[in-house]
Amino acid sequence: MAPTMGALHAGHVSLTQLARAHAARCVVSIFVNPTQFAPNEDFSKYPRTFEADVEKLAGAGVDLVFAPAPAEMYPQGFCTSVTLEGPAVAGLEDRFRPTHFSGVATVVAKLLAQCGPDVAVFGEKDFQQLAVIRRMARDLDLPTRIVGAPTVREADGLALSSRNVYLSASDRAAAPALYAAMRACAARLATHDFDSVLDEGRKAIAAAGFALDYLELRDADTLGAPDRARPLRLLVAARIGATRLIDNIDASVGVN
Ligand code: AMP
């Protein structure tokens, strides 16, 4: 299965293709989960394109769309949630969205229990989320294999996101600078000290017109402090206009 919040794009469709490579049938859930949005976030204006989503999924060979109503997911009296540590408190998204991952983990646990899939596919686009869900599945002995899918990008490097519809024309023109800055950083990590590379990357992102939330280099498995000899991930979150973008890339220097 592939859990989504709808407003589907080619990134979501790629998850269904990967799911179909692992399983005979594929379920896609569409649920804009209120508990993962903070009160100041975009829950009410999050893009909702259900009819077009269903058409896209039919074209992609998806067998079932599961689109529960909020009251079905959170009936009166609902009072249980998943508490997280480890990758969920790594000081990345959690610094800016402190209640987000508990909302995500709780709804994902419910969706997995409801659908009972052998495999669930999540995008590397939300890298910290993928790490949180992998850890939860292991810790709670969930009988579903969690599979990560590579990020699908526009030709200019911008990662596809349902929130890209918020970008004005000038924001959209500036947005690929985020991926370009990460690529430039990753190319320098092998030969320069991490802090100076990150400093330059932060300056480049600000110079491109972004308000930076974070640009960090982390251990790709634990999201803890980076070690040259281990797989590394560069993660970024930055705001441009009214839109907050997140992205990440492989930045390993000592492996592969
Ligand atoms: P969302 O609907 O934004 O909650 O995303 C649903 C799933 O699609 C998550 O596992 C995301 O990581 C994944 N996803 C979102 N954007 C992309 C992308 N550009 N490439 C691959 N997967 C993505």
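Biologist: How are H8 and H9 oriented to each other, roughly parallel or roughly antiparallel?

Modeller: Keep in mind that this is a predicted model. The axes of H8 (residues 177–188) and H9 (residues 194–207) come within 9 Å and cross at roughly 165°. Angles over 145 degrees count as roughly antiparallel, so the relation of H8 to H9 is roughly antiparallel.

Biologist: Which residues of H9 make the contact with H8?

Modeller: H8 passes H9 in a right-handed crossing. From H8, the contact takes in Leu178, Ala181, Cys185 and Arg188. By class there are six nonpolar, one polar and two charged residues in this contact. On the H9 side, the residues are Val197, Glu200, Gly201, Ala204 and Ile205.

Biologist: And H5 with H6, are they roughly perpendicular or oblique to each other?

Modeller: H5 (residues 100–115) and H6 (residues 127–139) pack with their axes 10 Å apart, at an angle of about 50°. Roughly perpendicular would need 65 to 115 degrees, so H5 and H6 are oblique.

Biologist: How many charged residues does the contact of H5 with H6 have?

Modeller: H5 brings Phe101, Val104, Ala105, Val108 and Ala109, while H6 brings Gln128, Gln129, Val132, Ile133 and Met136. Sorted by class, that contact has eight nonpolar and two polar residues, and the charged count is none.

Biologist: Over to the ligand: how far is its nitrogen atom from a polar backbone atom of leucine 160?

Modeller: The ligand is surrounded by 17 residues, with Met5, Gly123, Asp126, Val152 and Leu160 the closest. A polar backbone atom of methionine 5 sits 2.9 Å from a ligand oxygen. For leucine 160, the distance from a polar backbone atom to a ligand nitrogen is 2.8 Å.

Terms used
Residues numbered from 1 in each chain as written. Predicted model: local features only at pLDDT ≥ 70, side-chain atom pairs only at ≥ 80, totals over all residues. Heavy atoms only, no water. Axes fitted to C-alpha atoms, helices over the stretch in contact; angles between N-to-C directions. Helix = DSSP H or I, 4+ residues; strand = E, 2+ residues; numbered from the N terminus. Parallel < 35°, antiparallel > 145°, perpendicular 65-115°, else oblique. Left-handed = near helix turned anticlockwise from the far one by under 90°. Contact = heavy atoms within 4.5 Å. Nonpolar A, V, L, I, M, F, W, Y, C, P; charged D, E, K, R; others polar. Near = heavy atom within 4 Å. Polar contact = N/O pair within 3.5 Å; in protein donor to acceptor, adjacent residues only side chain to side chain.
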